[in-house]
Amino acid sequence: GRPRTDPTGARMKGWSTAVRRGDGGEGQIGYWGLDLARRLMESRNIPICIINGAVGGTRIDQHQRNSEDPEDVETIYGRLLWRIRQAKLTHGIRGVVWHQGENDQAANGPTGRFAWETYQQDFIDMSAAWKEDFPNIQNYYVFQIWPAACGTVIDGSDNRLREKQRTLPYLYSNMGIMSTLGIRPGSSCHYVAAGYAEFSRLICPLIQRDLYGKVFAESITPADLKRAYFTNNRRDEIALEFDQAMTWEDTDAEDTLAEHFYLNGEAGKVASGSASGNVVTLKLTEPSTAKQITYLDGKSWNVRRAFLKGKNGIAALTFCEVGFSDG
């Protein structure tokens with residue numbers, strides 16, 4: 001059944017053929033959910049079950065379990081749990097794929113504060129509930145959402161939300177993450193079918209690796225910053241150390257990668273950059289006393305602008321207000 005609908009009605013008590021969103025019927029698992037299922041079926045030659053629990057325009061706190069009544073069909077969690085129990089699949093769920101956060105960028109959460117402040121704890125609480133109700137979950141997969149997704153930008157709140165998503169895997173030993181920054185065709189909010197197909201293309205190798213033991217010759221993950229430091233006492237050069245080999249591509253003189261780095265929130269402090277192995281080196285316009293660095297501010301970026309990539313061609317994860325370590 002569909003995640004928006006009370007699943008206990010008579011017309012919902014059954015199986016449906018999986019279809020894309022907008023194709024009609026009750027088995028709408030989404031564009032990229034259906035494409036992901038197709039990719040896994042073709043690569044493994046086995047049947048795949050995907051159950052869609054997404055509801056557009058919702059915050060992460062709205063996905064929490066009602067501990068007094070876990071199957072409360074007035075909640076998103078309860079409707080998903082009800083369907084999975086009816087399908088007798090509580091012990092068959094092996095992974096959860098999570099793409100969400102657009103509505104968590106604003107200060108409209110239940111506390112009236114910015115949701116990025118509680119995002120990680122909300123995810124921890126939610127995943128603990130998942131693990132209790134679906135005890136054989138092996139892996140979690142999260143997407144770092146598009147910058148200023150759906151036009152929400154409030155004093156860098158979108159950048160901080162993406163930082164919470166970037167660092168969420170640091171709290172788990174069984175979580176993979178994927179960037180959406182390089183997805184083409186891109187979008188300010190929702191994607192066309194070809195864009196959603198990129199979602200499944202990018203996340204499928206992580207699932208194949210973790211759940212089906214497939215081995216890849218090169219990195220299949222987005223580059224993630226490990227540390228940032230000044231390379232000399234003049235403090236006019238910064239090294240960004242990533243977890244994999246990087247590239248630096250300035251294909252447009254009017255839009256250089258250097259423009260997308262901010263020192264203490266200020267733009268225009270980076271003159272140029274280069275990549276060698278796992279390290280990206282930034283040459284500054286002048287010595288700096290900055291305490292932190294940000295890569296990519298949603299308020300000044302769009303789909304046509306440059307972005308940092310690993311040598312594998314996948315867009316690097318954005319980072320926000322990362323402090324400098326000793327060189």
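## Helices α1 and α5

Helices α1 and α5 cross with a right-handed sense. This is a predicted model. Helix α1 covers residues 31-44 and helix α5 covers residues 193-212. Their axes lie 8 Å apart, and the packing angle is about 45°.

Which residues of α1 meet α5? They are Y31, W32, D35, L36, R39, L40, S43 and R44. On the α5 side, the contact takes in A193, Y196, A197, F199, S200 and R201. It also takes in I203, C204, I207, Q208 and Y212. By class, the α1 and α5 contact holds 12 nonpolar, three polar and four charged residues.

## Helices α2 and α3

Helix α2 runs over residues 76-86, and helix α3 over residues 119-133. Their axes come within 12 Å and cross at roughly 20°. Angles under 35 degrees count as roughly parallel, so α2 and α3 are roughly parallel to each other. The crossing of α2 past α3 is right-handed.

From α2, the contact uses Y77, L81 and R85. From α3, it uses A129, W130 and D133. Four of the residues in the contact of α2 with α3 are nonpolar and two are charged, with no polar ones. Residues three or four places apart in an α-helix point the same way, because the helix has 3.6 residues a turn.

## Burial of α2

How many of the 11 residues of α2 are buried? Nine are, and the helix is mostly covered. The buried residues are I76, Y77, G78, R79, L80, L81, W82, R83 and I84. Helix α3 is included in what covers them.

Two of the α2 residues that meet α3, Y77 and L81, are also among the buried residues. Just after α2, K88 has a positive phi of about 60°.

## The β8-β9 hairpin

Strand β8 spans residues 270-276 and strand β9 spans residues 279-284. The two strands run antiparallel, joined by six bridges. They form a hairpin, with two residues between them.

At the end of β8, S276 stands opposite V279 in β9. In the turn, G277 takes a positive phi of about 60°.

Note on methods:
Residues numbered from 1 in each chain as written. Predicted model: local features only at pLDDT ≥ 70, side-chain atom pairs only at ≥ 80, totals over all residues. Heavy atoms only, no water. Axes fitted to C-alpha atoms, helices over the stretch in contact; angles between N-to-C directions. Helix = DSSP H or I, 4+ residues; strand = E, 2+ residues; numbered from the N terminus. Parallel < 35°, antiparallel > 145°, perpendicular 65-115°, else oblique. Left-handed = near helix turned anticlockwise from the far one by under 90°. Contact = heavy atoms within 4.5 Å. Nonpolar A, V, L, I, M, F, W, Y, C, P; charged D, E, K, R; others polar. Pairing = 2+ DSSP bridges. Buried < 20%, exposed > 50% of the residue type's maximum accessible area, 1.4 Å probe, protein only.
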